[in-house]
Amino acid sequence: MKRGMYATRAAFLIALVVGLATLCFGARRAEAYPQFQFSSGTQRCAQCHYSPAGYGLLTSWGRDEGADTISRGGNGGLLHGAWTPPDWLALGGDLRVAALDNDAGSSGPPELAAFPMQAELYGRVGFGNTGLSLYVAGGLRGTTRPGQNSHAAQFESLMSREHYLMWKPSATGAYVRAGRFYAPFGLRTVEHIYYVRSVTGFNLYEETYNLSGGYLEEDWELHVTAFTTPPESLPLALRSTAHGSGGAAYAEKRFASMAALALQARVAKSTDQTLYQGGVVGKLWLDSAKILFMAEGDLQRRSTTGGGANQFVGYFGPTFFPAKGLMASLAFERYQEDLRVAGTAHTAVDVQVNYFPWAHCEVVLLGRYQMNGTGLADGPSDGLGMLQLHYYL
Amino acid sequence: MNRAPLSASSASSRLVGLVLVLGGVLTSCGSSEDTRPDKWSFISPVIIQPSCATANCHSQLAERSGVVLDTVANGYQQLTQRHFVMPGDPDGSALMALLRGQGSRRMPPDFPLAEADIDLIGSWIADGAKWDGPGSEPGALPVAKPPTSGGSQ
């Protein structure tokens with residue numbers, strides 16, 4: 001009888017997600033703000049997210065935090081609290097539109113675009129007291145630059161970036177999950193343009209199929225993942241831009257509810273290259289100043305049949321919380337594609353302001369200036385300005 | 001022998017110091033001389049794939065303008081057989097103009113390549129744009145794989 005009940009719940013969840021997803025367009029990315037660790041009074045990503053390492057659907061605690069601590073007011077519950085689903089069911093979604101002004105330094109005028117950035121629905125079904133749950137995210141891919149003969153310009157390009165089965169019997173302790181998601185690694189910023197995502201194997205739609213496990217405690221956590229990319233024979237909705245198979249490990253230690261230090265390593269092998277990665281992630285929250293510092297530094301080795309390249313990828317920056325509902329971040333980024341050649345560096349400065357006027361609502365302003373080369377007139381520079389309007393269910 | 005527990009401020013100071021030292025040392029590396037191999041099997045995975053084969057551009061998901069650059073073989077086949085690259089003639093190769101934004105939008109539009117990278121690609125083209133990909137004999141071309149949706153630039 002229980003099996004029948006679980007099957008009904010799973011069928012309900014899948015039907016709901018797929019059905020609602022067809023009304024939407026443009027899934028772009030998951031939701032996770034590493035800036036909220038410590039600054040919102042929470043220590044672990046998994047306090048606010050069902051996923052053990054952050055991203056995606058919010059827990060009831062996360063929804064309350066989203067309204068009471070992060071936004072300027074409102075009810076953070078599903079549909080603003082109009083309907084509370086049963087305990088075994090959690091639902092959510094993200095809608096996001098964006099406009100950008102991108103000057104890549106070409107002979108033509110800057111590029112102006114407005115586009116659907118994200119439209120995605122999430123569902124999670126828990127199976128009684130077993131600790132088991134099924135999580136499915138689905139939407140349709142949007143595109144910044146629609147063009148002819150492109151899948152991305154077609155509305156039927158459904159995308160499910162995350163879908164997994166998880167065993168996680170309690171808030172802390174061991175867990176195991178299998179399915180599609182990003183392996184826990186790095187700062188896990190929302191914006192995929194940051195080098196620590198875009199060139200480390202965690203760019204947009206680079207989610208892999210994983211078998212992952214770990215252990216969560218109040219002041220430390222460990223995640224170990226074996227991953228592979230979806231085969232090309234799968235439908236487009238399940239495909240990934242990632243290549244190769246390998247493993248990743250991330251271990252984080254927290255200090256006095258105000259700092260975290262993590263070590264990480266990853267290996268990915270494809271037909272074209274083997275990528276070896278190792279790095280450090282750190283956070284420091286200064287409560288009196290309302291500033292959170294975040295940093296990540298990774299050394300990478302890309303080994304190919306034609307030769308190898310040792311690389312550095314880094315992020316450092318403060319996030320300031322001047323008032324409730326407001327978050328301002330400054331980031332310095334560096335990607336040196338080959339440490340042998342100074343002229344292969346990319347350096348970026350980003351300014352980002354996130355405003356949360358009311359629960360479920362967000363306005364994002366992002367400015368980015370990027371120098372390509374040493375910065376001494378040996379390469380082009382480019383600038384990006386972006387406005388995003390975001391609503392989550 | 002008991003050690004005093006690490007205080008939060010001490011840990012924080014060490015963390016910031018470590019990040020600054022690592023960042024400062026590592027990011028100032030490199031010389032002005034480019035000693036990298038001008039081979040496609042190096043250029044594709046190190047330069048082209050991370051910059052161009054992204055979800056919204058030249059991956060198999062998007063196939064922008066029908067061009068897929070996500071592997072050494074696909075990239076070589078598409079660039080040479082669709083004449084973005086003219087072996088031996090970097091100045092006459094459309095790819096070089098696209099990378100420099102000459103007469104068109106610069107590619108990649110959100111992640112322009114450093115001039116050193118563009119020069120390395122130019123050097124590979126000037127040297128005949130040879131195929132040296134994995135699994136093939138020297139000089140052999142990869143098997144042509146038509147894009148899923150076709151299209152032209």
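Author: In what follows, a strand (E) is a DSSP run of at least two residues, numbered from the N terminus. By that rule A:Val176 is in strand E6 of chain A, residues 173-181. The model is a predicted one.

Reader: Why does A:Val176 count as partly exposed?

Author: Its relative accessibility is 38%. Buried means under 20% and exposed over 50%, with partly exposed in between.

Reader: Why is A:Phe356 called buried?

Author: The limit for buried is under 20%, and A:Phe356 has 7% relative accessibility, so it counts as buried. A:Phe356 is in the loop between strand E15 (345-355) and strand E16 (361-372) of chain A. From A:Phe356 to A:Leu91 there are 265 residues in sequence and 21 Å in space, C-alpha to C-alpha.

Reader: What makes A:Glu221 and A:Arg254 a salt bridge?

Author: The closest N and O atoms of A:Glu221 and A:Arg254 are 2.8 Å apart. The pair links distant parts of the chain, with A:Glu221 in strand E8 (residues 220-228) and A:Arg254 in strand E9 of chain A, 33 residues apart. A salt bridge needs a side-chain nitrogen of Lys or Arg within 4 Å of a carboxyl oxygen of Asp or Glu, so 2.8 Å between A:Glu221 and A:Arg254 qualifies.

Reader: Are A:Glu221 and A:Arg254 buried or exposed?

Author: A:Glu221 has a relative accessible area of 3% and is buried. A:Arg254 is also at 3% and counts as buried. The search of the whole structure gives 18 salt bridges over all chains.

Reader: How do you know that A:Glu333 and A:Arg368 form a salt bridge?

Author: Their closest N and O atoms are 2.5 Å apart. This pair ties together parts 35 residues apart in sequence, because A:Glu333 lies in strand E14 (residues 326-336) and A:Arg368 in strand E16 of chain A. The limit is within 4 Å, so 2.5 Å meets it. A:Glu333 is buried at 2%, and A:Arg368 counts as buried at 8%.

Reader: What does A:Arg368 do with A:Asp350?

Author: The side chains of A:Arg368 and A:Asp350 meet in a salt bridge, at 2.8 Å from N to O. A:Asp350 lies in strand E15 and A:Arg368 in strand E16 of chain A, so this pair ties together parts 18 residues apart in sequence. Both A:Arg368 and A:Asp350 are buried. Elsewhere, A:Glu120, A:Arg161, A:Arg180 and A:Glu207 are joined into one network by salt bridges that share partners.

Reader: What makes a space a cavity, and how many cavities of 30 Å³ or more does the structure hold?

Author: In a cavity a 1.4 Å probe fits but cannot get out. The structure holds six of 30 Å³ or more. The largest has about 570 Å³ of space and is lined by 42 residues, with A:Ala32, A:Tyr33, A:Phe36, A:His49 and A:Leu58 nearest its centre. Its largest lining share, five residues, comes from H3(A).

Reader: Which residues lie nearest the centre of the largest pocket?

Author: They are A:Tyr50, A:Thr59, A:Ser60, A:Asp87 and A:Arg124, out of 38 lining residues. Elements that give two or more residues to this lining include helix H2 (45-48), helix H3 (60-70) and strand E1 (89-103) of chain A. H3(A) gives the largest share, four residues. The space in the largest pocket is about 820 Å³.

Reader: What is the pattern of chain B along the sequence?

Author: Chain B reads α-α-α-α-α, with five helices and zero strands. Of its 153 residues, 51% count as buried.

Notes: Residues numbered from 1 in each chain as written. Chains lettered and ligands numbered in written order. Predicted model: local features only at pLDDT ≥ 70, side-chain atom pairs only at ≥ 80, totals over all residues. Heavy atoms only, no water. Buried < 20%, exposed > 50% of the residue type's maximum accessible area, 1.4 Å probe, protein only. 1 Å grid on protein atoms, 1.4 Å probe; cavity = no way out; pocket = protein on both sides within 12 Å on 5 of 7 lines; lining within 4 Å. Points joined across faces, edges and corners; volume = space filled by probe spheres on them.
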